[in-house]
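I opened my notebook to look up charged pairs and nonpolar packing.

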Amino acid sequence: YYINYKLLKKKVNRYAQQLEIGAQDHHYVLKDFSRMLDNQIEKIVLFLLEQQGQLANRLCDLRQQHDVILQLSNGGSKICELQEAYRGVGHDLLRLLFFVEMNAIGLRKILKKFDKRFGYRFTNYYVKTRANHPYSQLRQVFRHVGIGAVVGAISRNLADLQDHQGNYVSIYDQPALSHPDPIVHSIKAAVNKLSNSTNFLEFLGKHAFIMQDDLRSPSEDDVAEQRYHFMSLLLNLVNTFLYMVNTYIIVPTADDYSLSLGAAATVCGVVIGSMAVAQVFSSVYFSAWSNRSYLRPLVFSSIVLLIGNTLYALAYDLNSIVVLLVGRLFCGLGSARAVNRRYISDCVPHKLRMRASAGFVSASALGMACGPALACLFQTDFKIYKLTFNQETLPGWIMAISWLIYLLWLSISFREPPQEIKQDIIPQEARAGTVVNYAVENGITQPLLLSTEPKQGENGDQEYDDGEEESCEKTRKPVTSIVSAYRLLTPSVKVQLLVYFMLKYAMEILLAEASVITAYYFIWSTNSVAIFLACLGLTVLPVNIIVGTYISNMFEERQVLLASEIMVLIGILLSFHIGIPYSIPQYVGSALITFVSAEVLEGVNLSLLSRVMSSRLSRGTYNGGLLSTEAGTLARVIADGTITLSGYFGVAKLLNATLVPSLFICISSIIATCFTYNSLY
């Protein structure tokens with residue numbers, strides 16, 4: 001009753017030959033393959049319902065025995081037998097869940113193979129037409145309808161029988177029992193693993209773009225369990241938070257600092273952007289360094305950031321714009337976000353990875369809001385010896401002290417994952433794979449055992465497999481150069497990276513020039529700018545809650561993507577100063593539309609990227625996270641350079657001069673998205 005992956009794979013090969021010689025057309029292939037899949041899924045679902053019925057009958061019989069035993073005065077031994085009987089039903093339910101999981105994976109694999117072989121999105125058509133139908137059988141496979149009732153019956157009766165005889169305690173009255181049965185834990189874990197429903201936590205995890213392998217082997221999960229250390233994870237999240245604070249804490253005062261050192265106010269673009277310039281290079285070497293260690297790059301990052309912030313603060317008393325820029329360059333060289341992402345990807349167990357990814361996004365958003373907010377607190381001016389402490393230097397001093405404290409905490413509490421385990425990960429993947437994948441690839445006639453022997457099939461089978469299926473080692477081997485990574489980028493991925501570039505460019509233009517624009521048009525103080533930027537930052541999590549909980553369940557992600565791009569375009573158009581006097585409502589309203597739309601766009605864009613990007617980019621130095629980081633960082637560098645160059649035309653023309661490139665890039669990304677719209681699913 002398992003999905004016949006082998007038969008379907010041969011059918012795909014036969015379709016390709018028929019299309020090549022003109023024996024069949026694409027319409028026939030789509031309809032015939034849909035019919036075959038429908039038959040396979042119907043067979044699976046009917047068997048699933050039959051097995052659920054058998055489990056339900058057994059539970060009814062046990063319920064009758066339960067009622068009889070409760071009336072006996074001394075039924076202790078009978079209670080133990082009844083508990084074992086319920087556990088037996090639980091074990092059979094686990095096997096049934098394993099059956100559903102294997103078939104779900106087999107279905108995903110064959111759909112993906114069909115798309116890859118014929119170049120069009122059959123998956124999108126098939127899932128959309130089948131999953132949303134009122135008589136959907138596909139929903140039985142992916143939503144495991146009816147299993148919840150069996151789980152509830154087992155949980156409730158075991159809870160009644162375990163340590164609560166005669167007390168009439170129900171799981172409905174006391175959901176968190178002190179000693180829940182282990183089989184219930186196993187069933188819940190299996191159900192959670194099987195669940196594919198979208199929620200806020202999953203949306204935030206995708207927003208972090210920590211790529212995950214859908215077919216992760218048990219050996220990898222065991223390795224991650226051994227390497228996981230909560231305090232080390234917390235230190236990575238704190239590093240993420242502090243770095244985002246470090247990035248945005250200077251934004252409200254960067255123009256004043258430039259003026260104090262004798263430069264133009266628009267040099268703030270170079271001051272802010274120099275950090276991003278260095279980050280372009282630091283992301284690569286930190287990503288490579290994380291192949292060997294996590295502690296050492298984090299220590300190096302903290303030391304470099306400590307030096308960079310100290311130089312940034314000392315530039316005022318040294319009256320040197322060069323020292324200021326060198327300090328910011330050092331801060332960019334200390335960007336360890338690639339290490340933070342890599343630690344979550346490699347050292348956090350699969351069951352906790354989505355939460356850790358959501359924590360990464362939340363820490364980034366909180367740091368983005370706290371940076372400008374902290375700038376409000378530095379409205380002072382005093383000297384200690386020859387060192388000046390004012391609103392321009394205090395961000396540097398505060399961050400230097402913060403990184404010093406973090407460095408001490410890191411040295412004491414961080415635990416380096418075992419190196420010997422780390423080196424064994426890829427060989428284990430190449431040798432074994434998973435029980436589930438083996439069962440799916442070889443069908444129900446093959447034993448569900450790990451094997452390192454080559455498969456022997458019918459005549460021609462082995463030749464076809466060698467021609468069509470790459471070895472596990474080859475398909476999952478990480479890329480070793482940026483050129484190899486670029487070759488794996490499909491047109492859809494390139495367009496999504498362009499979209500990511502666009503939204504980061506638009507956001508950086510908005511944030512980096514805010515102090516100059518508001519001072520020129522509205523004569524805002526540093527406090528006002530800081531509060532405005534902090535309020536923008538505080539919209540990140542609420543917006544993600546709305547998108548992750550509601551919008552992503554109501555619309556396709558590609559629809560949200562295109563709508564968000566259009567809203568960013570509207571926000572940019574509303575920001576232009578043409579004809580009428582520029583007002584605060586116009587500026588704040590357009591900024592809010594641009595920023596919020598860009599935040600929505602970022603989450604959906606990275607979610608789509610995580611699905612359409614090659615699995616070979618899920619690990620190694622040149623991974624998908626590094627590519628997206630480089631695209632975003634490059635956008636920030638160019639945006640900050642645009643602000644500085646536009647400053648030569650005068651502050652009066654700065655706003656429109658910086659918005660024109662944003663408008664052009666936004667329109668280009670919308671056109672590119674429209675051309676690849678059908679390939680996004």
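**Entry 1: a buried charge**

I began with Glu-602, which is buried at a relative accessible area of 8%. I kept in mind that this is a predicted model. Buried here means under 20% relative accessible area, so Glu-602 with its 8% falls in that class.

Which residue does Glu-602 form a salt bridge with? I found Lys-504, with the closest N and O atoms 3.4 Å apart. This pair links distant parts of the chain. Glu-602 sits in helix α28 (residues 584–612), and Lys-504 sits in helix α23 (residues 491–512). The two are 98 residues apart. Lys-504 is buried, with a relative accessible area of 19%.

**Entry 2: the count**

I asked how many salt bridges there are. The count comes to seven. I noted the general idea beside it: side chains of opposite charge can pair when their charged atoms come close.

**Entry 3**

Next I looked up Asp-32. Asp-32 forms a salt bridge with Arg-35, and their closest N and O atoms are 2.8 Å apart. Both residues lie in helix α2 (residues 26–70). They are three residues apart, about one turn of the helix.

Is Asp-32 buried or exposed? Asp-32 counts as buried, at 9% relative accessibility. Arg-35 is partly exposed, with a relative accessible area of 45%. I also wrote down a network of salt bridges that links Lys-11, Asp-32 and Arg-35.

Then I turned to Glu-84. Glu-84 forms a salt bridge with Arg-87, with the closest N and O atoms 2.7 Å apart. Helix α3 (residues 76–118) holds both, three residues apart, about one turn of the helix. Arg-87 is buried, at a relative accessible area of 19%.

**Entry 4: the nonpolar cores**

I moved on to packing. In soluble globular proteins, nonpolar side chains tend to be buried together.

The largest nonpolar core has 110 residues. Which of them touch the most other members? I listed Met-368, Leu-533, Val-568, Ile-572, Tyr-587 and Phe-595. Helix α23 gives the most to this core, with 15 residues.

I followed Phe-595. Leaving out residues up to four places away in sequence, Phe-595 touches Met-368, Met-507, Leu-510, Leu-511, Leu-536, Gly-537, Thr-539 and Val-540.

Another core lies apart from the largest one. This other core has 24 residues, among them Phe-47, Leu-97, Val-100 and Ile-187.

Conventions. Residues are numbered from 1 along each chain as its sequence is written. This is a predicted model: local features need pLDDT of at least 70, side-chain atom pairs count only at pLDDT 80 or more; totals for chains, interfaces and linings use all residues. Side-chain values use heavy atoms; hydrogens and water are left out. A salt bridge is a side-chain nitrogen of Lys or Arg within 4 Å of a carboxyl oxygen of Asp or Glu. Helices (H or I, at least four residues) and strands (E, at least two) are DSSP runs, numbered from the N terminus. Buried means under 20% relative accessible area, exposed over 50%, partly exposed in between (1.4 Å probe, protein chains only). A nonpolar core is a set of buried Ala, Val, Leu, Ile, Met, Phe, Trp, Tyr and Cys residues joined through side-chain atoms within 4.5 Å. Contact means heavy atoms within 4.5 Å.
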